[in-house]
Amino acid sequence: SGHGPAAALIASMAKLAFTETLGLYDRPEKALRKMNLSLLGNLGKKFVTAMYVHLNYRNKSLVYSSAGHPPIIIHRRKDDQILQLDSRGQFLGWFQDIKLKEHSYQLQSGDRVLIYTDGLIEAFNDKQEMFDYDRLEIALRANENMSAEEFTYFLIYRIKEWVGFNRDFDDDITFMIIDIT
């Protein structure tokens, strides 16, 4: 939604809208619809993207719904497969009846789950080249034996190296890495 005070206000509104969904933790689509109604008409010309995920660690199931957010990436390390889960869905805050869908995915032991904002793959270097999915896949594959914590630090360093250590990011970068045991 941008930078500065307006973006901070929208982030606060999104956080408040999220707190209203706590009883819907295992119903991602319904939770996003509720968030949308809370944000509707309150964002001006801005909007919010979101990924609402319920991970059941016991049975290794992932249930999610996306509102304009980048796809979840699963690195199935035992087969060295990189999967991008369907992430179609409209962003929050503009339309009352938004198009959303709830998806389920069965995880396996050894899978690495990456949930991230678009700032990660859209980080530009000084030649105006994006970091993009291909470089992210290379980083995932080349460092598959790192722990989730080690890979987090590596990826932060790699993105900062790509952008330039003396430059600020053009967009926010947020990501979460979950290793399935």
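The structure holds 9 aromatic pairs. Rings of Phe, Tyr and Trp (for Trp, its six-membered ring) pair if their centres lie within 6.5 Å; planes under 30 degrees apart count as stacked, over 60 as edge-to-face and the rest as tilted. One of the pairs is Phe91 with Trp94, which is edge-to-face, with 5.5 Å centre to centre and 80 degrees between the planes. Phe91 is partly exposed, at a relative accessible area of 23%, and Trp94 is partly exposed too, at 42%. On these terms, buried means under 20% relative accessible area, exposed over 50%, and partly exposed in between, with a 1.4 Å probe and protein chains only.

This is a predicted model: local features need pLDDT of at least 70, side-chain atom pairs count only at pLDDT 80 or more, and totals for chains, interfaces and linings use all residues. Residues are numbered from 1 along each chain as its sequence is written, and side-chain values use heavy atoms, with hydrogens and water left out.

Ring pairs also link Phe91 and Trp94 with Phe47 and Phe95 into a cluster.

Now the sheet. Three strands form an open sheet in the order E1-E2-E5, with antiparallel pairing. Strands (E, at least two residues) and helices (H or I, at least four) are DSSP runs, numbered from the N terminus, and two strands pair if DSSP finds at least two bridges between them. The edge strands are E1 (50–56) and E5 (102–106), each pairing on one side only.

How many bridges join E1 to E2? There are 7, and the two strands run antiparallel. His54 has Val63 in E2 as its bridge partner. E1 and E2 form a hairpin with 4 residues between them, and Lys60 in the turn has a positive phi of about 60 degrees.

Is E2 mostly covered or mostly open? It is mostly covered, with 7 of its 7 residues buried. In a regular strand the side chains alternate between the two faces of the sheet. In E2, Ser61, Val63, Ser65 and Ala67 point one way, Leu62, Tyr64 and Ser66 point the other way, and all are buried.
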